Each structure stands twice: as C-alpha cells, then as structure tokens.
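Please keep the sequence and the 3D view open as you read.

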Amino acid sequence: MITAGIDMGSRTVKVVLLEDAKVEGAPALQFVVKGKHLMFPGDLDADAAADQAFEEALASAGLDRGAVGAVYATGAGRKMVKFATDSVTEMSAGAKGASFFYPSARTIVDVGAEEGRGIKTDGSGKATDFAGNEKCAAGAGSFAEAMSRALQMSLKEFGESSLRSDRSIPMNAQCTVFAESEVVSLIHSSTPKEDIAKAVLDAVASRVCAMVRRVGIDNDVVLIGGMVHNTGFVKSLQTAMGVDEIKLPDMPEYVSALGCALLAATQRA
Amino acid sequence: MGSGLFGQFTAWYERRHDYARDWKARTGGQVVATMCTYTPEELLIAAGMLPVRVLGAHEPQNVSEPHIFGMFCPFCRDSLAQGLLGRFDYADGVTLTQSCIQYRQAFDAWRRHVPSVQWDYYCPMPNDVQSRHAKAAHRHEVRRFREFLEQLTGRALDEAALNEAIGVVNENRRLLRALYEFRKEANPKVTGLEAVYAALTAQFVDKREHNAELKRVIAALPDREMEREEGVRLMTIGSENDDCGFMAMVESVGATIVIDDQCSGSRYFWNEVKVNGDAVAAIADRYCERPACPTKDYPEHTRFDHVLKLAQNYKAQAAVFLQQKFCDPHEGDYPDLKRHLEAAGIPTLFLEFDITNPIGPFRIRIEAFLETLREDDLF
C-alpha cells in the first residue's frame, strides 16, 4: 500500500509518499520513499498549499490520488489538510520518523522554522515525553534566519562561517528583536562576522539544549528539521548538549512527514 | 440564563459583575471583593455581605505595571488590573487573608489605588498551619476580623448569625462535593468545564441562590445522557484557573477533566466547618485544616498524598500541571509532586500559564500528551 505523510509546518509544506516493500525474509514491513516534495505556501492559503504540494508530490512519483491508501497530517496546520485521513502531533510524527532512520534514537531534537522541541522515544518509535518552546522563537530557525539577515549573509554562509570561529561571545537577549540589537552592537564594535554568527548559533543551541534537558538527554541523539542544514548550529548544539555525536538523517525536514506516512502504513496495514 | 443544564452557572460566570451589581441593588447589602480562598467567608455572609472573589479577565492589560513586579504571577497582575480598570467598582470593601506574598502585593495595591473601595481588611493567617500554635493564632485573627465587621456594620455577629452562615456555606460545600461525585463515573455526567463553572460561581454568587441551582442540577444529573466521548481521564493541578477556553479545548481533543486540585476548584470547598459550640473557633480551624495551598504546606507536604488520592479516587489516568508563571509556591512543589504522581503510575504534563495563553501551542501539547498515553493504539 502507498501512504502519504504531509507536514504543514509554519513556513513550508512537506510531503512524503511511501510504499511498503515486501522484502523476502525481512521480519517487519520495509518501506521505500516513493516521492517527496517541499514547497513554500506563497499566498498564505494553507489549504491550497497542502493540495498543491500533494499534487506535485504525486506527479513527481507518477501516481494519482487513488493510489494512496491513507494520508496522515502533522504540523502547525495539520487540521487544515482536508483530504487527510487522520492527523498526529509533531511529537509522535517526529519520533516515528527519526526512529525509522535510527532505531537506536532515544532523544530527538526537532528544530524547524518557528518551533523547537525535544522528544524522548523508547526505541519503538513511540514518543514518551516531550518539551517545546513557547511564545518565543529564540530557540528556532527563524531566529537564526533573522540574525543572518542582519549580517547580510545567506543562511548557508551564516552556518559555515560560524565554524571558522573559536570565540565564545555570550548573547543575553531573551527575544529576537533585542538579540538583533546585540548583533548590531557587535557589528559596530567591528567583531568579525564569523564570531557573531557563532554567538547567535551558540545562543539558539543553548536555548534548544535547555529545553531538551527538561526531558533528559540520552544517546543516541538525532536532530531533525530544517536546522540540520545549518552546520554551525549542529556543532553548537553538540557542544551545548555535551554528546559525542548527533545523528543527522539525510532528509531532515521530511522526517516528520515520513513519520506520518509510516504511522499511516502501520495503522492501516 | 444560558442554555443547557449548566447554563445558569455559565451565565453567572460570564456576567459576574452584572450579577454582583444586581445583588447589591436588590438586597442593599455590601459587596466585598475577596482575594484568596482562605478568606473566612462565613463572617462576611453573617454580616449580610456578598463575598465576590477577585478573578482575572485573561485580557492583555497595561495598568498593573507601576504597582507590581512584572515577575509576579499573572493571576496577581490580572487581579490587580481588574481593580484598577474599575471592573469591581461596585465592591464596598476588599479583604485578603494571608497566603502568598505576591497576592498580598496585589491586595496592597488594590487598597491604595482602587478608588471605589471604601474599606479594606487584611487578615493575617499563619502559613505554618502545621504548627501546634497555628489554630490558636488563627482563632484570634478570625475574632479580630469579626470585631472589625461588627464595628463596620454596627451589627453583632453572634453565635446564631455565624452558625446560620456556616450552615449555608457548608451546604454549598456538600452540594459541590455531591456534584463532583458524578465525575467518578465512567464518561461522567459532568464535564471538567461544567465543574469549573459550578465551583467558580460559588465564589461570587449568593450561596443560597447557588445552593438552589446546585440542587436543581444534581437532581437532573442521573437522567442526563452524555453524547460526548470520555477519552482520557485527566486531573488538573495548580493554583487559580478560570481559563475556560483552555478547559474547553482540552475536552474537545479526546479527554475529560475528572478532578482538580486547584483553589478555583476543589480546594475552595473540600472540607466543612465542624460546628462545635464556638463558631469563630470552628471557622478558623476549618481554614487551617483545608486541603493546603503550597504556601501553607510545610514542613510536611500533606497535599502530595491528598492529590494522589484524588487522582486515584476519580480514576484520573494522567495529570496536567497548570502552572501560573512565576508562582513560586507551586513551582517549588512541582518536581516532588510530579515524582510522587509518576511513581504511582500517573503521567504528568507541565504547562505554564500567563494572563493570556497560546491556545494553539497548548492544543498541540495536550494532543501530544494524549498520544503518548494512547500510544499502543497509535503505534
């Protein structure tokens, strides 16, 4: 059966199409990703964006809607996916998806555009505990994005440049706007850009780490969400959490959508 | 009156200031704004007054800042704002019985800066209610409060008047407990939101009217058909909570709130005054013996076992801490109380409440929590 997972994030829509592959001798269901798609909802119409993303994912996989047995939705706008069979929270979807890549995962850190969260899992793909940021984006991707804008750098440059710094500059501001003031002050004092970038990413990592500590840090740690692409953040987070390794899946921003598709497949099997 | 079996309670809650104004107009009695549920309401009722508990409005406000620290709890700031905004302009007096220092600051700002208040009374109460001297000290304070009210009204608060008031308030407590009994059943005939409306309105509606309405509702409950799914049975724990939008949201995503340990709920009415021939002493003792607020629960943490028994008696599968931000007494209890419940197999979720709350993110957290409880179905 082909199933779909759709993650209606605060910034982007992610779709994963999944087919169960009957691998001879395999003890459990095996899956192959049939297609995936990410898009930016340009006109603020989340309903239409979900529809369009799904259609484009289907087209890229050469499928029509009738081929999909079940669609599970997750993310901030999951209730807006009218064609979804069911929906689950980001915590359950993230735990399931991350455990698919890394069955040894016990702590999952999910940092997307406007939310960061820590999820505990028990090895079976079940979310057993979680903690998330509230009312504040200072522990999420949009914060890093705003700061990279202030430094007139692309997000990629921003992350990579921080790796060239070995300075630790504390940022004390509790909110994105005040933090930007701190960045401007650092610019005015001729602080090198890579040091400022590291200061910002250390601050984001520190906030995320404090949140994850509420559920406890056990190995293996897996990072999912768009911030995986920010290499500087990954390093800052590893340092903050004090772990030897953070596992990074290949398609980090699709992990929750994949988790949805997996839940749809296992529940409907 | 609102619609449905609990419509009167909802209507009272939503138009609580209108109710108090109307009560004042039709009885000619004084209305007293009461801060904190340790207020010995029996004295005020015996004096012919209407005690009206100060509650917040859950609206953004910008008036409390000069009078109270920003890192005092949102309930303090919201309660003060309601006074400063003139929402209690019908209240003749304001009174606080000591519980936490933050709320005392709110009270102090109330009596200095709410111009419509004609009189105020601060009733000291031992926080160490476990001390062997506590009851004697509190009896003394309740006596002083009675003398103050007698001088204020020119009316003697004798044993007969006090016993009559005790009778009315005790009946209210018994009826609320009878209402709560229905919550022990499978798919209870009273939702958590309805119970909140019933318990909260008891704190500002004339008890005689409230008792009559409780009797009517309780009589109708056995025949009530519940068309909603029960879902996961939850307990709520915290200080004051009248965020009805939050309660409604929780009960719309696959859960029923079956019991609480909150001063807006069970802690307000749980135990009765034991009449013993000395009304003032009996009243004072009742407040020393009631299920404790964390400000009055040391050195022994008596509330930990009380909370656990409530959860077990009402078959709560999990508990949600509704933590008022910056409420130090409850935050202090949280780690140990969480462990106490989880050791007994009751998982918990912690949510931090402010004057206004982010209902969307809270919904995700509640739903995720419910998913972790239902994990065998989902995974």
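A nonpolar core is a set of buried Ala, Val, Leu, Ile, Met, Phe, Trp, Tyr and Cys residues joined through C-beta atoms within 7 Å. A residue is called buried if 20 or more other C-beta atoms lie within 10 Å of its own, exposed if 12 or fewer do, and partly exposed in between, with C-beta atoms placed from the backbone. What you are viewing is a predicted model, in which local features need pLDDT of at least 70 and side-chain atom pairs count only at pLDDT 80 or more, while totals for chains, interfaces and linings use all residues. Residues are numbered from 1 along each chain as its sequence is written, and chains are lettered from A and ligands numbered from 1 in the order in which they are written.

With those terms in hand, which members of the largest nonpolar core touch the most other members? They are Ile6(A), Val200(A) and Ala261(A), in a core of 191 residues. Helix H6 of chain A is the element that gives the most to this core, with 12 residues; helices (H or I, at least four residues) and strands (E, at least two) are DSSP runs, numbered from the N terminus. The core also draws at least three residues from each of domain 1 (2-102 + 252-268) and domain 2 (132-247) of chain A. In general, nonpolar side chains in soluble globular proteins tend to be buried together.

Ala261(A) is in contact with Thr3(A), Ala4(A), Gly5(A), Val16(A), Leu18(A) and Tyr72(A), leaving aside its neighbours within four places in sequence. Here, two residues are in contact if their C-beta atoms, placed from the backbone, lie within 7 Å.

Now step back to the domains of chain A, whose bounds come from an automatic or database domain assignment. Seven residues of domain 1 of chain A are in contact with seven residues of domain 2 of chain A. On the domain 1 side, helix H2 (residues 90-101) gives the most, with three residues. That side divides into four nonpolar, two polar and one charged residue. For these classes, Ala, Val, Leu, Ile, Met, Phe, Trp, Tyr, Cys and Pro count as nonpolar, Asp, Glu, Lys and Arg as charged, and the others, Gly among them, as polar.

An α-helix has 3.6 residues a turn, so residues three or four places apart point the same way. After H7(A) comes Gly242(A), whose phi is positive, near 65°.

The two chains meet through 16 residues from chain A and 12 residues from chain B. H2 and strand S8 (127-132) of chain A each supply at least two residues of the chain A side, and S8(A) gives the most, with five residues. By class, the chain A side has five nonpolar, six polar and five charged residues.

Moving to chain B, look at Ala318(B) in strand S7. Ala318(B) is buried, with 21 other C-beta atoms within 10 Å. Not counting residues up to four places away in sequence, Ala318(B) touches Val232(B), Leu234(B), Ile346(B), Pro347(B), Thr348(B) and Leu373(B).

Finally, the loops hold some backbone details. The peptide bond from Tyr298(B) to Pro299(B) is cis, with omega near 0°, and Pro299(B) lies between helix H12 (279-289) and helix H13 (302-313) of chain B. In chain A, the peptide bond from Asn219(A) to Asp220(A) is also cis, with omega near 0°; Asp220(A) sits in the loop between helix H6 (193-213) and strand S9 (221-224). Ser190(A) has a phi near 60°, a positive value in a residue other than glycine, and is found in the loop between helix H5 (176-188) and H6 of chain A. Ser190(A) is exposed, with 6 other C-beta atoms within 10 Å. Lys315(B) has a positive phi too, near 55°, and is partly exposed, with 15 other C-beta atoms within 10 Å.
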